[in-house]
Amino acid sequence: MAAVSREAGEYLHHLMALPPEQARTFYRGLQPGAMGALMARARHDLGTPYGLWQRDPVGFAEDILRVGTWSGQREFMESVRDHERTAVPATHGPGKSTGAAMLTLWWGSVWPSGSAQVITTAPKLRQVRNILWPAIRRLHSHARLPGTTQMTQWKHGEHLVAFGFSAADHDGDAAQGVHWPHVLFVVDEAGGIGFTLGRSYVTVLSNPHARLFLIGNPPVDEEGTWFEEQCEKTEEHVNTVRIPAGETPNFTGE
């Protein structure tokens, strides 16, 4: 075990520099004892044993949360890793909310406790409570991640790692007071968010390392929404991942 620990220290930073797919393959080939030693070293050097997956939300979902992913989910999860803003206009039922739950748990796990926070919102509080957070609680329990989850929050010791809320559409200060080194802001059912709220949510990007993740259905009855505007803003660092019905596993058999 001592030799494994020395190897863990020697290889940790080299592994962190590898492309995520290569590091993922390496981790999956390790014996449990060696993987445990490497995660212990990550806890010491990175502040969390899950720091190994800072650049690999897909690997975290598959190997830590033990959830299978499909190509559309992998695309928008990696987009959140790489882009300041990600917008996902998608058909009903492609796993958007499950993907958002995986991203919430990834973000809250791979950075040291007290340095990161995930904020989730939707137009109505019942949407926050009944869509995204049941998936977060289920996956958190399944993976036995640190901390406790309640109706709309995840706490680790004294730190609030993630929470959900909703705000009145005219509340231009809804996202004020968010000051964390690592911030992920998840907007579910984004098609129902008005321009005043939407503009306030963009302010979270002033944090040192922040991501804005928007998910919703393509506009049908109401066009010209804030969400639709964001989906078209390719010149402003918004990466849009469109998921039409015909490209989901229900139709492709993936």
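Residues are numbered from 1 along each chain as its sequence is written, and side-chain values use heavy atoms, with hydrogens and water left out. Because the model is predicted, local features need pLDDT of at least 70 and side-chain atom pairs count only at pLDDT 80 or more, while totals for chains, interfaces and linings use all residues.

Seven salt bridges were found in a search of the whole structure. A salt bridge here is a side-chain nitrogen of Lys or Arg within 4 Å of a carboxyl oxygen of Asp or Glu. One of them joins Asp56 to Arg24, with the closest N and O atoms 2.7 Å apart. Asp56 sits in the loop between helix H3 (32–46) and helix H4 (57–63), and Arg24 sits in helix H2 (residues 20–28), so the pair ties together parts 32 residues apart in sequence. Helices (H or I, at least four residues) and strands (E, at least two) are DSSP runs, numbered from the N terminus. Both Asp56 and Arg24 are buried. Buried means under 20% relative accessible area, exposed means over 50%, and partly exposed lies in between (1.4 Å probe, protein chains only).

A salt bridge also forms between Arg28 and Glu62, whose closest N and O atoms are 2.8 Å apart. This pair links distant parts of the chain, as Arg28 belongs to helix H2 and Glu62 to helix H4, 34 residues apart. Arg28 is partly exposed at 45% relative accessibility. Glu62 is partly exposed too, at 23%. Arg28 and Glu62 join Asp63 in a network of salt bridges.

Glu254 pairs with Arg74, and here the closest N and O atoms of the salt bridge are 3.5 Å apart. Glu254 lies in the segment after helix H10 (249–252) and Arg74 in helix H5 (residues 71–82), so the contact ties together parts 180 residues apart in sequence. Glu254 is partly exposed, with a relative accessible area of 48%. For Arg74, also partly exposed, the value is 26%.

Strand S7 (residues 209–216) is mostly covered, with seven of its eight residues buried. Two strands pair if DSSP finds at least two bridges between them. Strand S1 (residues 85–89) pairs with S7 in the parallel sense over five bridges. Pro89 has Gly216 in S7 as its bridge partner. Strand S6 (residues 182–187) also runs parallel to S7, joined by six bridges. Val187 stands opposite Leu214 in S7.
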